[in-house]
Amino acid sequence: MGVLLAFTAVAGVAFLLVNVRLPAEPLLGQTSFLLDAKGQRLATLNNGADREVVSLDHVPDVVVDAVLASEDQHFFEHSGLDPMGIARATWNDLRGHGGLQGGSTITQQYVKNTYLTHERTVWRKLKEAALAIKVERKFDKKQILERYLNTIYFGRGAYGVQAASHAYFGKDIDQVDLREAAYMAGLIRAPELADASTAPSVADGRRAKVLANMVTTKTITSSQARRAEAQPVAAYVSPRADRDATVTTSNHGTDYFVDYVRRQLIATLGEQTAFSGGLRVTTTLDPRTQSQAYSAVYGSTLTRQSDPAGALVSIDDGGQIRAMVGGRNWNLDPESCARVNCKVNLAVGREGGGSGRQPGSTFKSVLLAETVKEGYSVESSFPGPAKITIPKASNGADWNVANFDDAQYGRVNLIDATRNSVNTVYAQLAVAIGATHMRDMAAELGVKAPLKPVNSLVLGTGEVSVMDMASAFSTFANRGVRIEPRAILRIETADGTVVKDFTKPDRKRVLTQEQADVVNFCLRQVVERGSGAGAQVAGKSIIGKTGTTQAFGDAWFVGATTKLTTAVWMGYPEGNSKKMDDFRGKPVTGGSYPATIFKRFMTAATSGVKSDVFPTPSSFPGRILNARVPYVTPTTLPSSSTTAHPGAVSSSTTVRSSPATTAPSGAVPPAPTTTAPPAATTTTAPPPDTTRPRRPPPTTPAG
């Protein structure tokens, strides 16, 4: 009977050799890897099939010896088939015996895994044999062995020896020793049944059988086998990992950054390529800076689960995103995630699955930049009463504006109005310059969120992301040059071919150096002696701006050295329906906890990093803005008017306006003939000298 079956098998193979063609070798889907800026593995992207192709030169001899001893001891001697093995397997299949039949050569196993299904039929077995012969004719033995080692399944979702080495031992295949190699080889036949995490005795038995075979093939000695068996397999095999966890290191909030990069890869290359293209994606994330950022937000400030959330984005002077904190914990249980949206990246707004947040008075910097770009001097001044109503300035309705804590100012130039975040001055400036120009300047600076051109933008009523504000202030820090922020430096294939290179970012000059220096001078005053004094970093020249929204819904500090720009946001993920008016006994403003987070992070991140001093302008050139912005000063305004909102004007009011040229509401005023020196203006009193420190008003607003 055995001879007859062998003859039948050989005859069938001969028939198929003539009539079956070898299909084209399919492309192997490979795992893509995300690397941090130091080249260390940050995360993997795969479709549940973890695979990384390696050349045979990178596979240790001990692994090859173990696999050959276990699977095909005569691999280098036969021509792809073991006739008696085929007959034996065919007979067992005909008898309906299951289990591990053996008899297949490595070439046959490669054919089965690459070209055929895993159905157990005589026809499939004969076709496998015929194709094995064709493979042996097309490739040499080393090529076949390399292909086999990269396609065989080892369990835990790992295809190929490299993926298996990481799945079971957490290291590259070239670091595997004898005991590990023997266990890997023992996994090839039914790997799920021999996982040391669930079946330790089976794992030990599989390893022992492989070691015994290696002694038989004389690739190891008996004493080597005994030493390799001295320790149970479970003692050195990594626990079985959750297949949903792709982030290598997630203890510093890196999951949010990984998800941000994943979305960008899909948008750039498509999902199939991103997850199965075997890509090597070098990102901009610096692990040390990321750790410092997460520690500043959640490690030392917002330490309680019940605390508000915080988000942070830090960009260097080359536009590289060095740190991103998008939330407290990506890996909370589903019930907790449903409650606090833990898988929404609070740092990037809509790009992270959420929405934007109101930036508060940080947006005054945008209008300041537009004012300077249009040729007006920051020594232009406006009255700064505690409260004003500007008729028809809020989409046709009256616009009620109040300073923080109802602080009262006299006539204030734009330097001091920025330093103390004077809402009533900036409201007049918004009407004079125009909301459309302000909106367009935001886009020029790097704000990508869609914004409606309304005057109240200046007080932060639009919705932007933390990334948006970091990008805008990065333009200031780069002295007027916008450098597109990026999380990816380079995308390569497994063989090193560059697919995309982002090492040379897009640059665009938005402000001249002189204009940027004037804006930065004003923003320096915020930190040095204004509402952002809590963000000072010893020995560093800092620009910055605070932001606090209506009724303490959102709080911000955005600032920079010449080398590093950082935006910090604090609030509740649920939105402005939940306020921070009594957080640990006091309301949260941009100058309190956000400034503290900024200081803690920047102190650590810039330690030992040399940064320049922001240049001090020798003068404040430009025309003096003498726009007539009619307004009334009500005796009372609703307490919620710390940011712009429409409302009725009180019956007891006093009409005021800036003297001089009239400008229509929301339009850019005509240029007056007066130029920069303040003494030549037509105002009733010259603006104060802002080049020397002066005593701040009794109540310093928080912005």
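Are α4 and α6 parallel or oblique to each other? Let's work that out together, and please keep in mind that we are looking at a predicted model.

First, how do we talk about such a pair? Two packed helices are described by the angle between their axes and the distance between the axes. Helix α4 covers residues 106-115 and helix α6 covers residues 141-151. Their axes come within 9 Å, and they cross at roughly 50°. Angles under 35 degrees would count as roughly parallel, and 65 to 115 as roughly perpendicular. So α4 and α6 are oblique to each other. The crossing of α4 past α6 is left-handed.

Now find the side of α4 that touches its partner. Ile106, Thr107, Gln109, Tyr110, Asn113 and Thr114 of α4 meet a set in α6 made up of Ile144, Leu145, Arg147, Tyr148 and Thr151.

Let's move on to the strands. Here we have an open sheet of 5 strands with antiparallel pairing, and the order is β7-β6-β18-β17-β16. Which strands stand at the edges? They are β7, residues 321-325, and β16, residues 543-548. Each has a single partner strand, so one side of each is left without a neighbour in the sheet. On average, neighbouring strands of this sheet are turned by 5° against each other, ignoring direction.

Finally, let's zoom in on one pair. If you want one to look up, take Ile315, whose bridge partner in β18 is Thr565.

How values were computed: Residues are numbered from 1 along each chain as its sequence is written. This is a predicted model: local features need pLDDT of at least 70, side-chain atom pairs count only at pLDDT 80 or more; totals for chains, interfaces and linings use all residues. Side-chain values use heavy atoms; hydrogens and water are left out. Two strands pair if DSSP finds at least two bridges between them. Helices (H or I, at least four residues) and strands (E, at least two) are DSSP runs, numbered from the N terminus. Axes are lines fitted to C-alpha atoms, for helices over the stretch in contact, and angles run from 0 to 180 degrees between N-to-C directions. Angles under 35 degrees count as roughly parallel, over 145 as roughly antiparallel, 65 to 115 as roughly perpendicular and the rest as oblique. A crossing is left-handed if the near helix is turned anticlockwise from the far one by less than a right angle, and right-handed if clockwise. Contact means heavy atoms within 4.5 Å.
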